[in-house]
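Please look over the model below. My notes follow as numbered points.

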Amino acid sequence: MYISIQDLATFLIACIVIATGTYFFITLMNINNLLKDFRKKFNNNEDFFKNLVKDVAVSAKNIKEISGVIADNKEVLQEKLPKSIENAYIISTILKNTAQNVDNSVEVINGHLLETASTVKENTQDIFTYMKIISEGLRVFIQVFTRSK
């Protein structure tokens, strides 16, 4: 008994059709289960979706009112908005310059404080040196008078 190429091709095509059909059937079952879960969750959250639809309607109404107000005030906005933006830019530039000036001032103050601290330290050392000299002089002076007696 021999198997012809036609019989082999028919068998392979049948296997492919069966495998594809099985995969398609499993996919349809999964989609069906997904839709059942979606329907169940939708029914459980029906109040939420009703409120959501109401909120969307209110939001749409508010957006319509806002766009009407903007359209009514279009000329005012076109005149004043660029000026406001320019003023904000000027203010930010002034603040930047002020911050740079403050930074420079802090650097100068820091330098002066360091100079002052070193000067105070030197002066303190000089005062201690003078005090040592005076105390040594007083000690010698006291010793001279205490020995002479």
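1. E46 is partly exposed, at a relative accessible area of 36%. (Buried is under 20% relative accessible area, exposed over 50%, partly exposed in between, with a 1.4 Å probe and protein chains only.) The two form a salt bridge, with the closest N and O atoms 3.8 Å apart. A salt bridge here is a side-chain nitrogen of Lys or Arg within 4 Å of a carboxyl oxygen of Asp or Glu. Both residues lie in helix 2 (residues 46-72), four residues apart, about one turn of the helix.

2. This is a predicted model: local features need pLDDT of at least 70, side-chain atom pairs count only at pLDDT 80 or more, and totals for chains, interfaces and linings use all residues. Residues are numbered from 1 along each chain as its sequence is written, and side-chain values use heavy atoms, with hydrogens and water left out.

3. The salt-bridge count comes to two. E136 and R139 also meet in one, at 2.7 Å from N to O. They sit three residues apart in helix 3, so about one helical turn separates them. E136 is partly exposed at 41%, and R139 is partly exposed at 40%.

4. Which residues make the nonpolar surface patch? Y130, I133, I134, L138, F141, I142 and F145 do, over about 770 Å². Patch members have over 30% relative accessible area and no salt bridge; like charges are joined within 9 Å, nonpolar side chains (Val, Leu, Ile, Met, Phe, Trp, Tyr) within 5 Å. I134 lies in helix 3 (residues 74-148). I134 is exposed, with a relative accessible area of 53%.

5. The protein chain has three helices and zero strands. Helices (H or I, at least four residues) and strands (E, at least two) are DSSP runs, numbered from the N terminus. The radius of gyration is 48 Å, well over the 15 Å of the globule rule for 149 residues, so the chain is more spread out than a compact globule. That radius is taken over C-alpha atoms; the rule is 2.2 Å times the number of residues to the power 0.38. The C-alpha atoms fill a box of roughly 150 × 75 × 40 Å along the principal axes. Of the 149 residues, 0% count as buried.

6. Mean pLDDT for the protein chain is 86, and 98% of the residues score at least 70. pLDDT is the predictor's confidence in each residue, from 0 to 100. Among the elements, helix 1 (residues 5-44) has the highest mean (93) and helix 3 the lowest (83).

Technical notes. Areas by Shrake-Rupley, 256 points an atom, 1.4 Å probe, with all protein chains shown as cover.
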